[in-house]
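Okay, thanks for making time, everyone.

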Amino acid sequence: MKSKIKAESHTHTIASTHAFSTVHEMITFAQARGIELLAITDHGPGIPDGAHLFHFGCMKFLPRKVGSLYVIRGAETNIMDYNGTVDLPQEILQKLDWVIASIHKYCLAPGTVADHTNTYINALKNPYVDAIAHSGYPNYAYDIDAVLETAKTYNKAIELNNHTFSDRKGSIENCKKIARRCAELGVKVILSSDAHIAYQLGHTDLCWELAMEAGIKEEQIINLNAETFLAHLCCRRGYSRDEFETTTL
């Protein structure tokens, strides 16, 4: 099933050293593939090869637009404890446009369902966290309704990640359950390639199919295109839409 996603909400550059493309390469490939918006969301420093704090502090040097492509200054933060603490300080988070929070085994050992539920709920309550990423891991099972209701209350998004179908196949059934409840509860979602190299940009067909089969409506998908993504950011974070039209620094 062909994806309609035109806004990339979760991508990595060589600042995350297990990824393989520069920002320039990502921008060039995104433009060539008809992508309208590119969020650069490298890993925070809590993971062994995550980007340094200076990387995130210096994202102010990224242009807002390159040609017609919007460039979003973001991060994939690592959740470090069951209180939902992420690995970037608030003074850095508040300078970013877009922040994802996720669990990785290198940063947080599996606990109980109650532990994981508390982890995600508290992360969602952080005013600078915009979305929870790839949360279908069986070892980190959580109370789906409790977490999704929190996401809805705080106007946050839940990610469906295309890498699930290649790198996290054990998560697929949980992701189907999460997607169905997102559809039923009206929770906002993002569909992401989680690209670790420029050639993966635009690869969202599998998570698109998952979303459609679950009954998720297009109006729930905040990264359907640049306009839907930017409208969500401006509404949730109080940005001026004009901020993203600047083509010079």
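Let's start with K65: it counts as buried, at 15% relative accessibility. For the cut-offs, buried is under 20% relative accessible area, exposed is over 50%, and partly exposed is in between, with a 1.4 Å probe and protein chains only. Before I go on, the housekeeping: this is a predicted model, where local features need pLDDT of at least 70 and side-chain atom pairs count only at pLDDT 80 or more, while totals for chains, interfaces and linings use all residues. Residues are numbered from 1 along each chain as its sequence is written, and side-chain values use heavy atoms, with hydrogens and water left out.

So, which residue does K65 form a salt bridge with? That's E245, with the closest N and O atoms 3.1 Å apart. By salt bridge I mean a side-chain nitrogen of Lys or Arg within 4 Å of a carboxyl oxygen of Asp or Glu. K65 sits in strand β3 (residues 65–66) and E245 in the segment after α9 (226–237), so this contact ties together parts that are 180 residues apart in sequence. Helices here are DSSP runs of H or I with at least four residues, strands are runs of E with at least two, and both are numbered from the N terminus. E245 itself is partly exposed, at 32% relative accessible area.

Next pair: E227 and R241 meet in a salt bridge, 2.6 Å from N to O. They are 14 residues apart, E227 in helix α9 and R241 in the segment after α9. E227 is partly exposed at 44% relative accessibility, and R241 is also partly exposed, at 24%. Now put the two pairs together: K65, E227, R241 and E245 are linked in a network of salt bridges.

Then there's R237 with D130, again 2.6 Å, N to O. R237 is in helix α9 and D130 is in the loop between α4 (113–125) and β6 (131–132), 107 residues apart. Are these two buried or exposed? Both are buried. Searching the whole structure gives 12 salt bridges.

Last bit, the backbone. Most residues other than glycine have a negative phi. H134 isn't a glycine, but its phi is positive, about 25 degrees. H134 is in the loop between β6 and α5 (144–153), and it's buried, with a relative accessible area of 4%. N155, another non-glycine, has a positive phi of about 60 degrees. You'll find N155 in the loop between α5 and β7 (157–161), partly exposed at 22%.
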